[in-house]
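Subject: The structure we talked about

Hi,

Here is the structure I promised to pass on. Have a look at it first, and then read my notes below with the model open beside you.

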Amino acid sequence: MPRQLLRHPVLWLALAGLAFPLVAGDFWVGTVAARVLIIGTMALSLTFLTSSAGLVSFAQAGVAGVAGYTLALLSPNITGVGIAVPWPLAVGAALGMGTLAGLLVGWVSVRSSGIYLLMITLAMSVSLFYLVSQNTEVFNGFDGINGLKPPELFGIDLRAPIPFYGMALAAAVLSAAAVMHLDRTPFGLQLHALRNAPRRVAALGFSTTLLRIAAFGIAGLIASVGGVLNTWFSGQMSPGAVDVHAAVNLLVVAVLGGIRHPLGAFLGAAAFVLLENYAASVIDRERFNLVIGTVFIVIVLFAKDGLIGLIQQLCAQIKPAWTGVCAKNGRKTV
């Protein structure tokens with residue numbers, strides 16, 4: 001049991017996250033690493049849908065945006081939009097509305113499949129963008145809702161780099177652990193069966209529609225966690241958080257890391273954030289997306305399972321060589 005625990009990927013994510021502030025400054029901790037964890041949590045909702053149920057959605061950024069706007073409208077802000085309620089209620093309402101948004105996306109789209117499901121989720125995401133950008137009375141239009149700040153918890157200012165990073169790390173670890181635990185439950189096994197043989201699942205008497213809707217609801221809850229953190233991180237909520245660019249970015253992050261692996265979301269987020277911050281030093285600032293696109297194409301062409309697949313291939317090549325060295329030295333190999 002201890003050996004299995006040491007091999008658990010979530011444990012390594014937690015240990016790496018705890019050790020990072022010991023070797024990095026406030027900028028890397030509070031800005032770069034915190035954003036990696038936030039984007040990774042939102043992308044985790046997409047990798048969960050794909051790895052568990054075989055579904056791909058362009059609506060996850062929009063679902064996270066629903067949670068973000070709910071939090072913004074229920075928080076004190078400088079624009080005068082919305083009403084102020086205690087922050088635990090605001091966070092609970094944001095997570096609830098994001099989960100409902102995920103269920104709605106599932107209810108509308110799961111009767112389709114393939115490219116049609118993808119286009120329906122994209123259409124719903126675009127509809128949300130136009131709703132929040134054209135409504136100035138509730139959502140304040142393109143100006144958005146500004147002046148949003150994390151609360152204080154037990155006298156700790158969560159706006160400080162280390163406390164905010166700790167909150168983002170806890171949310172990421174718990175979300176990843178929940179997804180990997182869910183894969184081993186009867187419900188998770190039903191989702192895997194639905195992904196591999198939907199007709200057999202239907203023949204056994206299970207409702208494939210309800211299973212897919214439930215998967216979208218769980219993904220909506222995970223995306224909502226990232227949406228709440230992203231709202232506090234950026235200090236505002238604007239239509240830019242739910243536009244097509246944001247939806248595509250989440251898909252790029254998931255594919256970069258490995259869309260069939262839950263923890264690939266965080267590895268892809270790390271690569272994406274680093275490229276986003278430092279690509280401008282390689283090429284003109286106006287064309288830094290070219291570097292991101294080039295890296296994305298290379299990863300897709302040469303590592304079908306993303307960065308995690310590439311790492312697994314390297315480990316598979318290194319392990320036989322290491323085993324041979326051990327055998328030559330008279331050590332017992334497994």
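Start with helix α4. In this predicted model, 14 of the 14 residues of α4 are buried, so the helix is largely enclosed by the rest of the structure. Helix α4 covers residues 60-73, and at 1.5 Å a residue its 14 residues should span 20 Å; the C-alpha atoms at its ends are 20 Å apart, which agrees.

What happens just after α10? Gly235 takes a positive phi there, of about 75°. This glycine lies in the loop between α10 (208-234) and β4 (236-237). Is Gly235 buried or exposed? Its relative accessible area is 17%, under the 20% cut-off, so Gly235 is buried. Leaving out residues up to four places away in sequence, Gly235 touches Ile145, Asn146, Gly147 and Leu148.

While you are looking at phi angles, go to Asn140. Most residues other than glycine have a negative phi. Asn140 is not a glycine, but its phi is positive, near 65°. You will find Asn140 in the loop between α6 (115-134) and β1 (145-146).

Now for the salt bridge. How many does the structure hold? It holds 1. The partners are Arg35 and Glu276, whose side chains meet at 2.3 Å, N to O. Arg35 lies in helix α3 and Glu276 in helix α12, so the pair ties together parts that are 241 residues apart in sequence. Arg35 counts as partly exposed because its relative accessibility is 24%, and Glu276 is partly exposed with a relative accessible area of 26%.

Phe27, for one, sits in helix α3. At 45% relative accessibility, Phe27 counts as partly exposed.

- His192 is in helix α8 (residues 186-196). With a relative accessible area of 19%, His192 is buried. Setting aside neighbours within four places in sequence, its contacts are Ser51, Ser52 and Asp183.
- Val108 is in helix α5 (residues 87-109). With a relative accessible area of 35%, Val108 is partly exposed. Not counting residues up to four places away in sequence, Val108 touches Ile120 and Met124. The C-alpha atoms of Val108 and Ile120 are 8.0 Å apart, and the two residues are 12 apart in sequence.

Then zoom out. The protein has 14 helices and 4 strands. Of its 334 residues, 46% are buried. Among contacts with a separation of 6 or more, 75% are between residues 24 or more positions apart. The protein exposes about 17300 Å², and carbon and sulfur atoms supply 68% of that area.

Finally, how far can you trust the picture? The average pLDDT is 82, and 88% of the residues score at least 70. Among the elements, α10 has the highest mean pLDDT (93) and helix α1 (residues 2-6) the lowest (50). Over residues 322-334 pLDDT stays under 50, and the model has 4 contacts beyond four places in sequence for that stretch. Where pLDDT is low, the predicted coordinates should not be read in detail.

Happy to go through any of this with you.

Cheers

Note on methods: Residues numbered from 1 in each chain as written. Predicted model: local features only at pLDDT ≥ 70, side-chain atom pairs only at ≥ 80, totals over all residues. Heavy atoms only, no water. Helix = DSSP H or I, 4+ residues; strand = E, 2+ residues; numbered from the N terminus. Expected span 1.5 Å × (residues − 1). Buried < 20%, exposed > 50% of the residue type's maximum accessible area, 1.4 Å probe, protein only. Salt bridge = Lys/Arg side-chain N within 4 Å of Asp/Glu carboxyl O. Contact = heavy atoms within 4.5 Å. Areas by Shrake-Rupley, 256 points an atom, 1.4 Å probe, with all protein chains shown as cover. pLDDT = per-residue confidence, 0-100.
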